[in-house]
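Please open the structure in your viewer and keep the selection tool at hand. The stops below each give something to select and then say what is there.

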Amino acid sequence: MKILILRVLEVVIRVRCADPYSYGLLLKGYSAFVTGSDVEPDLEYSVNSLDPPGFELLFNNELAQTAEDEYDLIYYFEKHMTMEVQKLRQDLLFMHAAALEYNGRALLLVAPSGSGKSTTTWALINSGFRYLSDELAPIHTGTLQVHPYPHALCLKAEPPKPFSLPDETLHTSYTLHVPVEGFPGDWGREPAPLAAIFFLRYDPESGEPQVKPISKGEAGARIYSNALNLLAHARYGLDAAVKVAGHSLCLELVTNDLRKTCDLIKSTLQH
Amino acid sequence: MQYRKRENLTVQSVDEETLILDLDSNHIHQLNPTASFIWELCGGGISVDRLTELFAENYDIDGKTARVDVENVVRQLLDLGLIKTD
């Protein structure tokens, strides 16, 4: 039995892994959250390996999900765990977005799944930005600070050169997970004030990447559509979404060439 | 015929625009400044004639142009279920 203790957004999670392999998998995925073992957990998980191959994920000693392979295990653990954390951190507005830090300020990348958020995030990490998350951006609705959620960056395909992945990358049947130890620089460990939100649209035919401001109303609607725990907030989260839009630079970003996209994001933030 | 806002909508103004959350249809609507102007006037019940007068005055345009714009917006607001008729 190997035990992993994680502190995710101040929520302490204990994961009992029946074997070193499943422990190693989750350690790669969540190494940035590992904490000391002398704290009482808020959430309890167990992982058992199965024969034929697969895993059982238990929550509070009850079966939560059966996973066919490594991809399934990480996917189900992530989904269940983040839902439970959202219940315990109702002061945060959780957005489906990537988050990075640049010069002490946070920016979000908002886009549907599969449209290049994580690939752009990986390119930005290799261009001087600090990683906060590629998937989940928790924003404190009072301070408007973005909290780090630095799980292993998850890609569905190898990014183009020169943004190759490090040797530490975990390959599953469907995904590539880059643990924070494989990053070229440090990752964000503290909340950072939200400065800008880029709403991404991938268009390989558009020539150069382009950025254009959008109205606060449009930004508020898009933020609302990408928020995950709206019912935890007053007036169904509408005020929180509008507040986030009102205090941020909100832009539509048409992406194509990764290097040029990174340069455009950097120059936009510098102005 | 009088037009008025539908009940049970969650509304927030943002600059000159309006966001309207309709939990019955699970949609969020973004009204531009002109639609927001008309939406606000529908608060207590109002006719298209009166809307047209106020719209023409506010945007300093002729009555015929204002009528076309108002009818377009009112039709869309009705289609979206954001206003109703008495």
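A residue counts as buried when its relative accessible area is under 20%, and as exposed when that area is over 50%. The model on the screen is predicted, and every value in this tour is computed from it.

**First stop: a serine in chain A**

Select A:Ser133, which sits in strand S9 of chain A, the run of residues 130-133. Because its relative accessible area is 0%, A:Ser133 falls under the 20% limit and is buried. If you display the side chain of A:Ser133, you will find one of its polar atoms 3.1 Å from the backbone nitrogen of A:Glu135, and a polar atom of that side chain also lies 3.3 Å from the backbone oxygen of A:Tyr149. Once its neighbours within four places in sequence are set aside, A:Ser133 is in contact with A:Ala97, A:Ala98, A:Ala99, A:Thr121 and A:Tyr149.

**Second stop: two cis peptide bonds in chain A**

Most peptide bonds are trans. With that in mind, select A:Asp51 and A:Pro52, which are joined by a cis peptide bond with omega at about 10°; A:Pro52 belongs to the loop between strand S3 (43-50) and strand S4 (54-59) of chain A. Then move to A:Lys161 and A:Pro162, where a cis peptide bond again has an omega of about 10°, and where A:Pro162 lies in the loop that runs between strand S12 (153-155) and strand S13 (170-171) of chain A.

Most residues other than glycine have a negative phi. Select B:Asn8, in the loop between strand S1 (3-5) and strand S2 (10-14) of chain B, and you will find a phi near 60°, which is a positive value. Is B:Asn8 buried or exposed? Its relative accessibility is 67%, so B:Asn8 counts as exposed. Next select B:Asn26, in the loop between S3 and strand S4 (27-31) of chain B, where phi is likewise positive and near 60°; with a relative accessible area of 65%, B:Asn26 is exposed.

**Fourth stop: where the two chains meet**

Now show both chains and select the contact between them, to which chain A gives 13 residues and chain B gives 11 residues. Together, chain A and chain B bury about 1100 Å² between them, with 71% of it on carbon and sulfur atoms. In chain A, the residues that lose the most area to chain B are A:Tyr236, A:Leu238 and A:Val242, which together make up 38% of what that side buries. Helix H4 (216-225) and helix H5 (238-246) of chain A each supply at least two residues of the side that touches chain B, and the largest share of that side, seven residues, comes from H4(A). Sorted by class, the side of chain A that touches chain B has five nonpolar, four polar and four charged residues. Four residue pairs are in polar contact across this interface, whereas the count of salt bridges between chain A and chain B is zero.

**Last stop: a glutamate at the contact**

Finish by selecting B:Glu17, which is placed in strand S3 (residues 17-22) of chain B. B:Glu17 is buried yet has no salt bridge, and the nearest side chain of opposite charge, A:Lys216, is 9.9 Å away. The side chain of B:Glu17 does, however, reach the backbone nitrogen of A:Gly217 at 3.1 Å. Beyond its neighbours within four places in sequence, B:Glu17 is in contact with residues of both chains, among them A:Ser215, A:Lys216, A:Gly217, A:Glu218, B:Gln30 and B:Leu31.

Notes
Residues are numbered from 1 along each chain as its sequence is written. Chains are lettered from A and ligands numbered from 1 in the order in which they are written. This is a predicted model: local features need pLDDT of at least 70, side-chain atom pairs count only at pLDDT 80 or more; totals for chains, interfaces and linings use all residues. Side-chain values use heavy atoms; hydrogens and water are left out. Contact means heavy atoms within 4.5 Å. Buried area is the accessible area (1.4 Å probe) that two parts lose on being put together, summed over both. A salt bridge is a side-chain nitrogen of Lys or Arg within 4 Å of a carboxyl oxygen of Asp or Glu. A polar contact is a pair of N or O atoms within 3.5 Å; within protein, one must be able to donate a hydrogen and the other to accept it, and residues adjacent in sequence count only if both atoms are side-chain atoms. Helices (H or I, at least four residues) and strands (E, at least two) are DSSP runs, numbered from the N terminus. Ala, Val, Leu, Ile, Met, Phe, Trp, Tyr, Cys and Pro count as nonpolar, Asp, Glu, Lys and Arg as charged, and the others, Gly among them, as polar. Buried means under 20% relative accessible area, exposed over 50%, partly exposed in between (1.4 Å probe, protein chains only). Lys and Arg count as positive and Asp and Glu as negative; His and the chain ends are not counted.
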